[in-house]
Each structure stands twice: as C-alpha cells, then as structure tokens.
There are 2 protein chains.
Amino acid sequence: MFDPFNTLRTYFENRFPLTPEQFEYIRAQYIHKKLKRGEFVIREGEVFKYGLFVAKGCLRRYIIDAKGKEHILQFLAETWWISDIQGMLHGIPSSYFVDALEDSDVLITDQQGNQNVIENIPGFADAFIKGVQKHHQSKDNRIAAALSATAEERYDEFMEKYPSIAQRVPQHMLASYLGISPETLSRIRKRQSRRK
Amino acid sequence: MFDPFNTLRTYFENRFPLTPEQFEYIRAQYIHKKLKRGEFVIREGEVFKYGLFVAKGCLRRYIIDAKGKEHILQFLAETWWISDIQGMLHGIPSSYFVDALEDSDVLITDQQGNQNVIENIPGFADAFIKGVQKHHQSKDNRIAAALSATAEERYDEFMEKYPSIAQRVPQHMLASYLGISPETLSRIRKRQSRRK
DNA sequence: CGCGACGTTGATTTGCCTCAACGATTGTGG
DNA sequence: CCACAATCGTTGAGGCAAATCAACGTCGCG
C-alpha cells in the first residue's frame, strides 16, 4: 500500500542521515491530504501559510496576466516542495494559483511544524535553503532563456532537464510553460521525431 | 558634501523609525566603497558574502549564457540592495556578474554585520523580507512577460516601472534587459516619439 | 585628433502566431 | 451503453513582429 510518508523519508535520507526517532518526529509535523485532479491548493489573493511536499502526483503553479492569459510558472511532481515564506511568516497573500493536474498525495505542515523541523532536524535547514537557492537560480535562467532562446531551444532544454514531466502533463500546458502556442509545439515534436 | 550614510538613513527612516543611537549602530556595520565605472563587484564563480546597498550610481547584474551572450537580469540604482544569502551563509558561488555602469558609492556589510542589524534593529528584518518577496514576485512577472508580451509592451512596462533607469543606462543595455535587439528598441522609441 | 562604441535607418528574412479545419480521444448525460 | 459534445493534438495557409545584415552619422574618450 502506498504511504506518502515513505516518500518523504526517502527524500530526506537521500540528503542527510535520519534516525527512526527523528523520522517519527517529522511525521508528526505533517498531515496527509489527497487532492483530486483540478483541485486548488492556492488561489491568488489567498494567504498560504503552509509548506507542501508532493509525495505522488503532479501540480502546477501559474499566474493570470492582465490580459487574462494563464502562464504556467512551474510544474511540481514527486518530491517537489512548495512553500510561501512570505505568506507563512507575514500573511502576505499569494500572487499565483496552484492546482492539481492529477489525483495527488501531498504532505502539509504549518508554520510551527516547519519551524520545529528546522530547529530539531540537523541537515533540514541546509537542504531547505539549497532548494530555495536552486529555485531562484533556475528563475534567472528561465528569464534569460525566455528572452533569447528559440522555441525549439527552450523545448530541448526542458526535455533535458525534466524528461519525465514532459510525458505526463498535457501538451498544451507544456506549451504554456514554454511560452509557445500549442500548434508550434506540435510542429516541433513532429520535426524532431522525423529526424531520427 | 555627499555622504552615502545619509542615503542609507533616509532609506531606513522611510520604512521604520530610527533613533540616532540606532543609526550610529547601523553605521558601524557598513563600510563605504567607491566604484569606478566598469568595476566588478561579483564575478560568476566567486562567493559573494556581503550585503550591498547602492547609495549613489548604478550597477547591473547579468549572466552569460551557453552561447556567450550577455543577459542583464537587473539594474540597481540608488537605494537598491543586492545580497546573496546562499553565498553569505553557505559559501555557494555566484551564478552571475555584477558591475558598475557609473562611478558609484556603495555600502557593504558582511554576514556578521547583517546579522547584527537584523537582530538589533526592529523593523529591519521585516523590511528585508518584504524586499526579497517583491523581488521574487517581480521575477515571476518577468518570466510571464518575456514569454508572452510583445517587445513594445515590455518596453512600456519598464518605462512605467522604472522611468528614471531608462534615462541613465545605455540604450543597448536596456535592449539586453528587455530581450530585444538594439535596432528594434530604437524603432520603438522613434515610433512612440512620433505619435505625440 | 582619430578610432571605436553607440544609435539610427533601410532592406530582407524568418520564426512563430493566428485562423481554420479536421481526426481522435475523453467523458458525460440520457 | 451509446451518442453527442467538448477537449486535445495535428496540419495547412497566411500574416506579422522582430531578427539579421548592412550602411552611415555622431559622439566621447584615449
């Protein structure tokens, strides 16, 4: 039987050692929530005060611009985190939406639980910060790519970085993420399948 | 005579009250550095362990992509900050460059000094976090704009947000920031000057 | 003073969007 | 359980925004 906490444990153990007692402590800080496809986790304007770990499934984070157009900023599959430090600590409302693309299993902790883990599990804070760092660096790269790379280059880069995501999200959402039209993405794929 | 610490004081006082004693405390945490035009503050691969406040002048932050092309990610003029939390706390090397576009005056503090201010000046930590939040939100918006807005829309948005920056940076750098060719930017400006 | 960097303007090309039409798949209600 | 609608991906035609290539004037700096 699938247990989302096993996924969490494996995730941690890949980063730092964890005794059974420590894991039990961690487990107590999280609650398990099942999400139906299409279910929202965060809506724009709401205050999101939690840390969320994706144990199974896939979510997306997106904004809606002034013209009413959706832009997918991020896909979140297994072992990805999302947390809004500003919402958690300062009650600042979210500027984006998050919803589930598949039926998913997520683990959620509140500000206090997050703080508990940071203070009591050596290694967690460090891993947390490194994750945040990576995220921001990847945002910088994405800005540069969006500004100068061609549609196909952005597609190739995505396929290289996240091959498994590409297989499970609808193609038009991948197009939204890449900032290209669904038609163009379809043509790129066709072209690439032809040449070998 | 210009005193960069006055700029810092004004900046703080606009955000939270500050007694003369508190300001003297803050002053002791920073050192003043003059930058020549073209001088580097951070190079890719170096570890940047400081917090930097621009009291006068203008800097730029940019990356160089796999094709060797520069992409300006950010301009930093008066009262802007740059700090690399990851470098400061974890020795992680920078992924970008920062240099001066004009002769500039900056105030620099090290990790300890930054920590001192956070712990001893109520209001600073809050302002710091809000600034970080704004920065990340603006990155998200920039990704969305780069993916879907036209060159002219991006230009207009920039002019509205940062009118004073546009007047002082070379036009081809603004083009680099916007992700358009210098020729296109020149044409956009001409078109807009004609119509009124 | 002279060179190089910068901005402008014109001509041409092209990558990608839009519009449109069409199968295939999904899922929903009668 | 089937029928119909909606959603999704594919393909084609046409158009446009912006890149590229090229030439030229100007300014600032060494």
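The crossing of α5(A) and α5(B) is left-handed, a label given when the near helix is turned anticlockwise from the far one by less than a right angle, with clockwise counting as right-handed. In this predicted model, the axes of helix α5 (residues 124–148) of chain A and helix α5 (residues 124–148) of chain B come within 9 Å and cross at roughly 20 degrees. Axes here are lines fitted to C-alpha atoms, for helices over the stretch in contact, and angles run from 0 to 180 degrees between N-to-C directions. The angle therefore makes α5(A) roughly parallel to α5(B) (under 35 degrees; over 145 is roughly antiparallel, 65 to 115 roughly perpendicular, and the rest oblique). On the α5(A) side the contact is made by A:K139, A:R142, A:I143, A:A146 and A:L147, and on the α5(B) side by B:K139, B:R142, B:I143, B:A146 and B:L147; two residues are in contact if their C-beta atoms, placed from the backbone, lie within 7 Å. These residues divide into six nonpolar, no polar and four charged, where Ala, Val, Leu, Ile, Met, Phe, Trp, Tyr, Cys and Pro count as nonpolar, Asp, Glu, Lys and Arg as charged, and the others, Gly among them, as polar.

Turning to the chain contact as a whole, 23 residues come from chain A and 22 residues from chain B. On the side of chain A that touches chain B, β5 (70–76), α3 (85–90) and α5 each supply at least two residues, and the largest share, 11 residues, belongs to α5(A). By class, this side of chain A holds 10 nonpolar, eight polar and five charged residues.

DNA strand C is surrounded by 16 residues, the closest being A:T150, A:T184, B:Q171, B:H172 and B:S186; near means a C-beta atom, placed from the backbone, within 6 Å. Two or more residues of this surface come from each of α6 (151–161) and α9 (182–194) of chain A and α8 (171–178) and α9 (182–194) of chain B. The largest share, six residues, is that of α9(B). The surface near DNA strand C has four nonpolar, six polar and six charged residues.

Chain A itself has nine helices and eight strands, which are DSSP runs (H or I, at least four residues; E, at least two) numbered from the N terminus. Its C-alpha atoms fill a box of roughly 55 × 40 × 30 Å along the principal axes.

Residues are numbered from 1 along each chain as its sequence is written, while chains are lettered from A and ligands numbered from 1 in the order in which they are written. Local features need pLDDT of at least 70 and side-chain atom pairs count only at pLDDT 80 or more, whereas totals for chains, interfaces and linings use all residues.
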